[in-house]
Amino acid sequence: MTISSSPKIFADRIGRIEVSATMAVSAEAAKLRAQGVDLVDFGAGEPHFATPRHIKDAAIAAIDANFSHYTVVPGIPDVRKAIVERHATDFGSDYAINEAIFTTGGKQALFNTLQVLVDHGDEVILPVPYWVSFRDIIQYAGGKVVFLETKEAENFRITANAIEKAITPRTKAIILNSPSNPAGSIVSAEDLERIVHLAHKRGIFLLLDECYVYLNYAGKPVSAGSFTWAKEHMIILGSLSKTYAMTGWRAGFALGPQSVVANLSKLQSQSTSNATSFVQKAAIAALTSSQECVEEFRAEFITLRDAMLAKVRAIPGITCTKPEGAFYVYPNVSAYLGKGGIKTTAELATRLLHEAHVVTVPGEAFGTAEHIRLSYPVTKQNIDEGTRRMGEFLTGLA
Ligand SMILES: Cc1ncc(COP(=O)(O)O)c(C=O)c1O
């Protein structure tokens, strides 16, 4: 009798992904904080502002009115209307209510879109450096990630020419995240239009992650949604998390062709069902009220970006591109790799955490080997103190 080997417990797909690096860093930092260590946290990818009062009030009123039951899966008509109208007003897009779905954070919109569109072996073009989750979610769906290298000397700019070269007959989708996490790079208006053209012409889906679309410091925020002639091949992935300081609420959306949105709704109906009922009411308040808070946050982020950039660039040996959006700086720390026994940025981030008590995220998580990501929605004092600690630690390495 042959003895069979022990049964496989876990499905292949769960082996294709890793724990989100940013979440792993937060967990490690939380352990130290629980031991009473005073950390400066440049790890968290979220605004430090409180959610604006009028948004909180809308949620409280909804709870008081017992708006606390299931809703229809893609969100109540008023929240879908608020999403399409906000986007149309700000960017000139033209979506119907049944082309919008409200989701549990932008991440769910992205996750479900990739599950719905990508089959085993399909290629998805992903510019480097990329937000950690893109790669893993593509792989979870069974897709093949086609990494598109960008140049640091060109501010990690993504061009239509580079995208065109990466396209093959197996290309199913292209991911664009502008402004980007982690480098804050922006796709120029001209490149954006050319990319939309070439995707549309070839029937390739353009997945536009607009998580930071309002945090554009180079000019007026733009969205490919304004190219209404290409709607058939565009899916806009939106988030209220960073725009309205609502990360914990889990509020996001997708705008896209009705057939795609219907499939997103089908998948959502078999997983999480509707996003939280009273969060939908809060989202309506956020999207339909005065947008003054968005402008205030943006102005403050620019001040903090400039402060962080100046301090980081002042550390000997460090170079750093100027981010044009989002709220991260992505300094090149290669001058310190090889010193003090530190070989990788993962090791550097660990040493910075335990020895300098500064939380950072290693660049390996974003697909580059010589950078760390610093998130700057913190106080000016924290920027000063955190960069002082980093400088002291780095220049002390033999
Ligand atoms: C590029 C990008 N897209 C999407 C998200 C998801 O945001 P949320 O799920 O909070 O809406 C994030 C969050 O960090 C992000 O950085």
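Because the model is predicted, local features need pLDDT of at least 70 and side-chain atom pairs count only at pLDDT 80 or more, whereas totals for chains, interfaces and linings use all residues.

Begin by selecting Ile-9, Phe-10 and Ile-14, which form a nonpolar patch on the surface with about 370 Å² of accessible area together. Such a patch is made of residues with over 30% relative accessible area and no salt bridge, nonpolar side chains (Val, Leu, Ile, Met, Phe, Trp, Tyr) being joined within 5 Å and like charges within 9 Å; a salt bridge is a side-chain nitrogen of Lys or Arg within 4 Å of a carboxyl oxygen of Asp or Glu. Areas come from the Shrake-Rupley method with a 1.4 Å probe, and for residues only the protein chains shown count as cover. Phe-10 lies in the segment before helix 1 (12-15) and is exposed, with a relative accessible area of 61%. Here exposed means over 50% relative accessible area, buried under 20%, and partly exposed in between (1.4 Å probe, protein chains only), while helices (H or I, at least four residues) and strands (E, at least two) are DSSP runs numbered from the N terminus.

Next select strand 3 (residues 123-127), where five of the five residues are buried, so the strand is largely enclosed by the rest of the structure. Glu-123, Ile-125 and Pro-127 point one way from strand 3, and Val-124 and Leu-126 the other way. In a regular strand the side chains alternate between the two faces of the sheet.

Leu-126 has Phe-147 of strand 4 as its bridge partner. Then bring in strand 5 (residues 171-177), which pairs with strand 3 in the parallel sense over three bridges, with Ala-173 as the bridge partner of Val-124.

Finally, select strand 2 (residues 100-103), from which Ala-100 and Phe-102 point one way and Ile-101 and Thr-103 the other way, all of them buried. Strand 8 (residues 252-255) pairs with strand 2 in the antiparallel sense over four bridges, and in strand 8 Phe-253 stands opposite Phe-102.

Technical notes:
Residues are numbered from 1 along each chain as its sequence is written. Side-chain values use heavy atoms; hydrogens and water are left out. Two strands pair if DSSP finds at least two bridges between them.
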